[in-house]
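Thanks for coming. I'll go through one structure this morning, element by element, and then turn to how the chains meet.

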Amino acid sequence: MVSIKDLHKKYGSQVVLNGLDLEIKEKGIIAVLGPNGSGKTTLIKSILGMVVPEKGEIELNGKSILHKWNYRQGLDYLPQIANFPGNLRVEELITMIKDLRNKTARDQQLIDFFGLHPYLDKKLNKLSGGTRQKVNLLLCFMFDSPLIILDEPTSGLDPVSLLRLRELIRTEKERGKTILITSHIMNFVEEMADRIVFLLDGKIYFDGTVSELKTSTGQFDFEHAIAHLLSEEHV
Amino acid sequence: MFKILKYSFFDLVRSSWSYVYFFFYLLLGTTLLFLNNNLSTAVITLMNVIIMLVPLIGTIFGVMYYYNSREFTELLLAQPVKRSSIFLGQYLGVAISLSLSLVIGLGLPFVAYGLFKSPAIWDFVMLLITGLFLTLIFSALAFNIALSNENKIKGFGFAILMWLFLAVIYDGLFLLSLVYFQEYPLDKFSLVATMFNPIDLSRILILLKLDISALLSYTGAVFKEFFGTPVGAFASLGMLVVWVILPLFRISRVVRRKDF
Amino acid sequence: MKKILLFFSLFFFVSTIAAKEIVVCHECDVSSIKRAVELAKSGDTIRIKKGLYKEYEIEIIGKSLTIIGEDYPVIDAEMKGTAFKIKADDFSIEGLHIKNIGTSHTSDNASILVSRSKNFSIKNNRLSNIFFGILLERSENGIIEGNIIRSKARSQANSGNGIHVWHSKELIIEDNDVQGVRDGIYLEFANNCDIINNVCKENLRYGLHFMFSDHNRYLENLFENNGAGVAVMYSKFIEMERNLFRKNWGSASYGLLLKEINDATLKHNIFEDNTIAISADNTNRIDYLENDFISNGYAIRIRGACYKNVFRRNNFLANSFDVAYTGNINENEFSRNYWSDYTGYDLNKDGIGDVPFRPVKLFSYLVNTTPEAIILLRSMFIGLLDFSEKVSPVFTPAELVDPQPQMKKIKW
């Protein structure tokens with residue numbers, strides 16, 4: 001589905017991606033992990049076309065995506081920070097994004113799911129952070145695209161909504177989607193991820209399942225395993 | 001682009017700043033016309049306000065809007081939309097909502113005053129046209145500055161500096177060079193120097209209406225050709241159009257290779 | 001002396017009794033004006049019917065004739081010389097259309113040349129394509145009224161004046177309309193003349209021009225879009241009232257140019273859209289009272305050597321520069337004017353601003369030395385410059401102020 005070859009990117013003199021290769025063929029949930037500055041966000045943004053790599057190739061379903069924009073019809077993205085034009089109403093925002101996509105959406109179903117009905121008429125700058133994150137999730141999931149990219153989806157959600165989100169992600173996985181996630185909440189990752197991609201210094205340092213990670217590091221606990229990966233590097 | 005423009009515009013016209021801006025012009029127009037009761041002096045005061053304030057507001061609004069909607073822009077960038085459409089759409093949203101505040105805010109009191117019966121209508125129309133151009137130009141320049149500076153504070157600083165330069169410092173240097181080189185024929189130089197500053201250009205356009213008699217006191221043939229014939233007005237308007245197009249062109253170019 | 005007078009009056013009496021009318025037309029017994037003039041005696045009337053008369057050098061010497069044109073008969077001088085040459089008293093010319101007076105470098109060809117004459121009237125004639133229009137020399141006590149003068153003057157050297165007066169006195173020049181000549185109305189050594197309600201537009205040099213002419217009045221005239229509106233030079237005791245000076249545009253253009261003038265008054269005139277409304281050079285004891293200066297480049301430009309001029313109760317509205325000044329204050333006085341540029345306040349509500357107004361801007365000095373700087377007019381930088389000069393005058397004469405600026409436009 002996604003195929004990345006020899007991806008290079010630097011900001012000024014700082015190298016962020018250094019010949020990264022990544023192949024995602026399967027359906028399911030792939031967690032992209034790594035310490036700050038390891039290139040997680042840059043990788044995701046490269047796939048989204050928000051960052052232009054210096055070198056390398058990114059293909060989606062066998063077609064190069066560099067300098068193109070139409071391919072984004074087939075992917076959904078959840079930005080890290082939910083900040084919207086403050087003077088638009090929730091409903092208008094949803095219509096706007098639907099307008100841009102020109103595609104049928106299941107917004108009503110998701111409004112029910114997140115319980116957003118009472119907020120539809122409210123202006124976005126009147127919403128709490130949690131509600132805004134729900135709107136953010138709704139905008140992301142309503143198009144039913146085969147590839148979904150989630151950047152820190154758990155931030156700002158109350159426990160109930162968090163449960164719902166897990167449920168939603170699982171359903172989507174069962175419906176045969178490919179879901180790319182970055183997150184700092186390790187137990188969320190451990191619970192959800194089918195595959196862990198660990199980035200370090202702009203390269204993939206580990207690529208495998210949660211259990212593979214545990215075996216290779218000799219740790220029983222996921223968080224410890226991750227910590228081990230990091231400390232190994234310093235050794 | 002028009003979809004983005006539509007929603008940016010909806011967002012902005014509902015913001016309290018638009019209302020403040022609108023009411024400011026409404027108040028200004030009303031006081032000038034109904035307390036002063038003299039149309040030609042009102043037009044002069046308005047001109048001073050327009051060539052100073054419109055660029056400043058355009059600059060600040062442009063920079064502010066860009067930085068405030070950065071996260072939302074990311075969301076838009078992940079949609080199947082061309083990059084240049086996103087930014088040009090947002091830019092037009094800002095420029096059009098500002099223009100609307102200006103035109104309606106100033107227009108209402110003038111219409112109420114019975115402007116359409118007065119010969120000053122053309123002075124007033126010229127004021128509005130230059131006001132519109134200045135809004136378009138300075139919000140475009142502001143977008144350029146914001147696009148090139150990730151750091152908000154730095155971006156704001158540069159934007160204000162640019163305004164200060166074009167509004168005041170440029171003319172100071174201009175005058176200095178005129179005085180310094182006064183033995184040489186300077187009329188071509190001064191016309192060219194005017195072309196490089198949109199605020200000066202707008203000023204000239206209004207002067208052509210208000211102070212044509214003073215402008216014609218100068219003997220140089222080049223000036224006479226410029227101010228005495230429609231050449232001046234057309235050249236200035238043409239340059240203003242260029243001043244709108246160039247920054248927009250740069251926006252669409254910078255945006256093509258920028259990382260977000 | 002008495003005898004002569006008696007003789008004249010008797011002669012006049014006799015001639016009026018015997019007065020007859022000669023009709024001129026193409027089918028009449030008398031078909032040329034020249035012939036009619038030859039036949040006529042003093043006191044006769046010549047009635048010219050409608051038609052085209054190709055005649056010039058029609059001389060009327062010593063005959064008091066009344067010449068009346070019916071339906072504007074056309075006298076075409078075919079560019080060959082002066083149409084009428086008159087040296088007579090008590091004559092009148094009315095209702096003619098005189099055209100095609102050729103330019104000449106050797107003689108001042110005119111439509112009507114009057115010399116050494118008294119008690120005459122020239123009324124309601126049309127003059128077109130002319131060199132000089134009505135030319136008067138050494139004459140007195142005449143009325144020139146309701147004439148319409150049109151020409152297409154291109155250069156000053158090859159054009160004459162509409163109404164040209166030389167060494168004459170006690171004339172009334174009223175309701176004439178002069179366009180497209182060199183000077184609309186020109187007076188040289190002319191005294192005690194009244195110039196009332198004329199229109200002088202689009203003339204090459206001046207709308208009205210005085211040289212060495214004293215005790216004249218001009219009232220209620222319109223001067224529009226001339227090289228310069230009115231030039232008053234080397235003259236004394238001129239009254240200028242209720243005139244309108246408009247759109248006299250150009251690098252050397254004025255609404256009113258005053259040069260070496262003493263003891264004149266300007267009252268209730270309106271100056272609008274002129275490059276320089278008034279330029280005063282070497283003028284003494286001039287009273288400027290209750291005039292309106294609206295949207296001029298410069299309202300008043302004082303060149304050197306002006307003493308005891310008083311500017312009182314004038315309205316200065318939206319001029320690019322209100323006053324430009326060369327030299328010292330020289331007892332010239334500005335008081336109780338209304339300045340639209342005034343930004344002071346009136347705390348005691350007596351209608352007079354509490355802060356004096358400085359009508360001279362630093363920028364006008366800059367423009368004087370560096371004319372191209374005019375392009376920076378009304379820019380913010382210049383505003384700051386002028387403001388700082390206003391706060392602490394360095395370049396402009398500190399005592400040049402209006403100590404009692406009015407808060408409201410003066411109604412007169």
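Let me start with a helix in chain A. Helix H1 of chain A, residues 40–48, lies across strands S3 (28–33), S6, S7, S8 (178–182) and S9 (195–200) of that chain. Against S7(A), H1(A) runs at about 145 degrees. Before going on, please keep in mind that this is a predicted model.

Now the sheet. In what order do its strands sit? The order is S6-S7-S8-S3-S9-S10 in chain A, an open sheet of 6 strands with mixed pairing. At the edges are S6 (75–78) and S10 (203–208) of chain A, each of which pairs on one side only. On average, neighbouring strands of this sheet are turned by 15 degrees against each other, direction ignored.

On to chain B, and a pair of helices. Two packed helices are described by the angle between their axes and the distance between the axes. Here the helices are H1 (residues 2–13) and H5 (residues 83–113) of chain B; their axes come within 8 Å and cross at roughly 40 degrees. H1(B) and H5(B) are therefore oblique to each other, and the crossing is right-handed. Which residues make the contact? From H1(B), they include B:Ile4, B:Phe9 and B:Leu12, and from H5(B), B:Gly89, B:Gly93 and B:Leu100 are among them. Sorted by class, this contact of H1(B) with H5(B) has 10 nonpolar, 6 polar and no charged residues.

Chain C next, with one strand. In a regular strand the side chains alternate between the two faces of the sheet. In S4 of chain C, residues 58–61, C:Ile58 and C:Ile60 are on the covered face, while C:Glu59 and C:Ile61 are on the uncovered one. S4(C) pairs with S7(C), residues 84–87, in the parallel sense over 4 bridges. Within that pairing, C:Glu59 stands opposite C:Lys85 of S7(C).

Last, the chains together. Which of the 2 touching pairs of chains has the most contacts? That is chains B and C. In that pair, 29 residues of chain C are in contact with 30 residues of chain B. The chain C side divides into 14 nonpolar, 12 polar and 3 charged residues. Chains A and C, by contrast, do not touch, and their nearest C-alpha atoms are 36 Å apart.

Terms used:
Residues are numbered from 1 along each chain as its sequence is written. Chains are lettered from A and ligands numbered from 1 in the order in which they are written. This is a predicted model: local features need pLDDT of at least 70, side-chain atom pairs count only at pLDDT 80 or more; totals for chains, interfaces and linings use all residues. Two residues are in contact if their C-beta atoms, placed from the backbone, lie within 7 Å. Two strands pair if DSSP finds at least two bridges between them. Helices (H or I, at least four residues) and strands (E, at least two) are DSSP runs, numbered from the N terminus. Axes are lines fitted to C-alpha atoms, for helices over the stretch in contact, and angles run from 0 to 180 degrees between N-to-C directions. Ala, Val, Leu, Ile, Met, Phe, Trp, Tyr, Cys and Pro count as nonpolar, Asp, Glu, Lys and Arg as charged, and the others, Gly among them, as polar. Angles under 35 degrees count as roughly parallel, over 145 as roughly antiparallel, 65 to 115 as roughly perpendicular and the rest as oblique. A crossing is left-handed if the near helix is turned anticlockwise from the far one by less than a right angle, and right-handed if clockwise. A residue is buried if 20 or more other C-beta atoms lie within 10 Å of its own, exposed if 12 or fewer, and partly exposed in between; C-beta atoms are placed from the backbone.
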